[in-house]
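The sequence and structure are shown first.

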Amino acid sequence: MSLDVDVTTNGARSALGRAAIADVARLALRGEHVRHALLSITLVDKRAMARLNQNHLGHRGPTDVISFGFRRATEGDPVVGDVYIAPEVARANARDAGVPVREEIARLIVHGVLHVLGYDHPDGTDRETSEMWRRQERIVRRAMRPSK
């Protein structure tokens with residue numbers, strides 16, 4: 001079994017490099033006991049994210065992360081999904097939240113992976129108290145621990 005994560009930057013600049021992005025995604029997958037996955041993570045600019053948001057979710061303007069998980073035919077099939085992240089939006093989020101940009105990018109990776117796995121959260125103020133958010137933050141803390 002393997003956790004195959006492909007990262008495409010499309011020229012978008014990120015505080016985390018491609019290898020680190022893939023590592024965070026694999027950490028999230030392992031944290032959820034996934035042993036076989038095919039995941040693509042694509043960094044896009046605000047304009048491309050706004051198009052994705054409009055076309056797939058019916059919302060105007062860019063968002064920070066959008067993910068698509070594909071239903072597995074059998075339990076033994078790999079988890080398959082696509083995650084799109086807008087680093088420009090992530091930088092603004094990080095500034096607003098007073099957190100490092102690297103941490104915010106990691107948060108969006110984990111958030112997208114959890115959505116691919118079928119997790120969801122409520123909108124509004126209950127979002128940050130949801131089970132998905134608590135799970136996400138545990139994984140982000142693990143991802144941001146300094147290497148030994």
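**Pockets, cores and selected contacts**

Strand β3 contributes five residues to the lining of the largest pocket, the most of any element. The model is predicted.

**Largest pocket**

- The space in the largest pocket amounts to about 420 Å³.
- Its lining is made up of 18 residues, and the elements that give two or more of them are α2 (46-57), β3 and α4 (101-116).
- Leu57, Val65, His111, His115 and His121 are the lining residues that lie nearest the centre of the largest pocket.
- By class, the lining of the largest pocket holds five nonpolar, nine polar and four charged residues.

**Second largest pocket**

- About 190 Å³ of space lies in the second largest pocket.
- Helix α4 supplies four residues, the largest share of the lining of the second largest pocket.
- At least two lining residues of the second largest pocket come from each of α3 (87-97), α4 and α5 (131-144).
- Four nonpolar, three polar and five charged residues line the second largest pocket.
- Among the charged residues of this lining are Asp64, Glu104, Arg107, Arg127 and Glu128.
- Val65 and His111 line the second largest pocket and are also among the residues nearest the centre of the largest pocket.

**Nonpolar cores**

- In soluble globular proteins, nonpolar side chains tend to be buried together.
- The largest nonpolar core has 33 residues, of which Val5, Leu29, Leu39, Ile41, Ile85 and Ile109 touch the most other members.
- Elements that each supply at least two residues of this core are β1 (3-8), α1 (18-31), β2 (37-43), β4, α4 and α5.
- Helix α4 gives the most to this core, with eight residues.
- Another core, of eight residues, lies apart from the largest one, and its members include Ala48, Leu52, Ile66 and Ala86.
- Leaving out residues up to four places away in sequence, Leu39 touches Asp4, Val5, Asp6, Ala25, Leu29, Gly81, Asp82, Val83, Val113 and Val116.

**Aromatic pair**

- One aromatic pair is found in a search of the whole structure.
- Phe68 lies in strand β3 (residues 65-70) and Tyr84 in strand β4 (residues 79-85), so the pair ties together parts that are 16 residues apart in sequence.
- Tyr84 has a relative accessible area of 19% and is therefore buried, the limit being under 20%.
- Phe68, at 23%, is partly exposed.

**Gly69**

- Gly69 has a relative accessibility of 45%, so this residue counts as partly exposed.
- The C-alpha atom of Gly69 is separated by 6.7 Å from that of Leu117, although the two residues are 48 residues apart along the chain.
- Apart from neighbours within four places in sequence, Gly69 is in contact with Val80, Gly81 and Val116.
- Gly81 and Val116 are also among the residues that Leu39 touches.

Technical notes:
Residues numbered from 1 in each chain as written. Predicted model: local features only at pLDDT ≥ 70, side-chain atom pairs only at ≥ 80, totals over all residues. Heavy atoms only, no water. Phe/Tyr/Trp six-rings, centres within 6.5 Å; stacked < 30°, edge-to-face > 60°. Buried < 20%, exposed > 50% of the residue type's maximum accessible area, 1.4 Å probe, protein only. 1 Å grid on protein atoms, 1.4 Å probe; cavity = no way out; pocket = protein on both sides within 12 Å on 5 of 7 lines; lining within 4 Å. Points joined across faces, edges and corners; volume = space filled by probe spheres on them. Core = buried A, V, L, I, M, F, W, Y, C linked by side-chain atoms within 4.5 Å. Contact = heavy atoms within 4.5 Å.
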